[in-house]
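Biologist: I am new to this structure and would like a short tour. Could we begin with the chain as a whole?
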Amino acid sequence: GKPVECWRTPEIIEIAKSQNNWPLHTYLRYDEDMIRKLGRESYLGAAWIDKLDGAAPSDDDGAARVAECLQVIPRDLADLLKLARSIWPDRIVVLPEAMDSAKSYDGNLAEEWDIVRGAATALYGLLFEDDDCEGQVADEFQRRTGYELTFSESSATRARADLMKMRERSYGGRTVDISAHIKGRSQKNTFRLHFYIDRENELIVIGHAGCHMKTAGSHRRGFK
């Protein structure tokens with residue numbers, strides 16, 4: 001990837017304006033003129049302008065964290081996972097198997113970021129911070145992000161030991177189940193983010209990021 005300094009161009013500004021859910025404007029850090037041109041179209045853009053205007057920094061300044069972590073532009077899903085875990089180290093864990101699956105996946109980078117970010121922000125809040133949504137996490141997550149969340153596989157898949165074995169991961173000295181997952185909307189090369197909820201340590205443990213994992217109905221959808 002190219003260093004941040006190489007991306008201070010008008011073209012990147014236009015991309016940033018058209019993709020508000022993707023923090024491309026953070027690539028323009030330290031370039032005051034270009035940051036101001038972005039206006040206040042997102043919380044990151046607003047935070048950067050506040051910095052330029054001398055506002056006191058806050059402990060939860062998302063822009064500062066992203067700028068610190070984003071040294072090069074993510075080129076693929078594996079890069080996105082690395083970026084996410086550096087931004088939210090106290091919220092998500094990325095297991096080696098997730099990195100492996102990400103490296104072999106080629107999909108919609110903007111959607112992948114939306115989902116990974118949604119897991120670290122909206123889902124984390126619903127699981128560990130918002131007591132009012134207990135029992136309604138999946139519905140509320142979809143309302144907030146637009147992405148479907150399920151905490152289990154179908155009964156047909158659960159009945160297959162070979163398929164459930166694929167959803168086992170080693171974490172913290174024990175075997176955990178990553179059946180819970182967020183579903184991408186793209187029909188082609190459908191994206192899935194599978195995870196385990198570590199309630200004791202309040203962490204979302206990502207165990208798979210990439211293609212649709214095999215299920216009992218995979219043959220009907222054309223998956224191998």
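Predicted model: local features only at pLDDT ≥ 70, side-chain atom pairs only at ≥ 80, totals over all residues.

Biologist: How many helices and strands does the protein chain have?
Modeller: There are ten helices and seven strands in the protein chain.

Biologist: What about the accessible surface of the protein chain?
Modeller: That surface comes to about 11,800 Å², and 46% of it belongs to carbon and sulfur atoms.

Biologist: Let us turn to helix H8. Which of its residues are buried?
Modeller: Helix H8 spans residues 137–145, and Val-137, Glu-140 and Phe-141 are buried there. These three cover an arc of only 105° around the axis, so they lie on the same side of H8.

Biologist: Why would residues spaced like that point the same way?
Modeller: An α-helix has 3.6 residues a turn, so residues three or four places apart point the same way.

Biologist: What do the buried residues of H8 pack against?
Modeller: They pack against helix H7 (109–128), strand S2 (148–150) and strand S5. On the other side of H8, Asp-139 and Arg-143 are exposed.

Biologist: What follows H8?
Modeller: Gly-146 follows, and its phi is positive, near 90°.

Biologist: A change of topic: where is Ser-179?
Modeller: Ser-179 is in the loop between strand S4 (174–177) and strand S5 (180–183).

Biologist: Is Ser-179 buried or exposed?
Modeller: Ser-179 has a relative accessible area of 3%, which is under 20%, so this residue counts as buried.

Biologist: Which side chain does its side chain make a polar contact with?
Modeller: The side chain of Ser-179 makes a polar contact with that of Asp-177, at 2.8 Å. Beyond its neighbours within four places in sequence, Ser-179 is in contact with residues including Thr-150, Met-164 and His-194.

Technical notes
Residues numbered from 1 in each chain as written. Heavy atoms only, no water. Helix = DSSP H or I, 4+ residues; strand = E, 2+ residues; numbered from the N terminus. Buried < 20%, exposed > 50% of the residue type's maximum accessible area, 1.4 Å probe, protein only. Polar contact = N/O pair within 3.5 Å; in protein donor to acceptor, adjacent residues only side chain to side chain. Contact = heavy atoms within 4.5 Å. Arc of directions from axis to C-beta. Areas by Shrake-Rupley, 256 points an atom, 1.4 Å probe, with all protein chains shown as cover.
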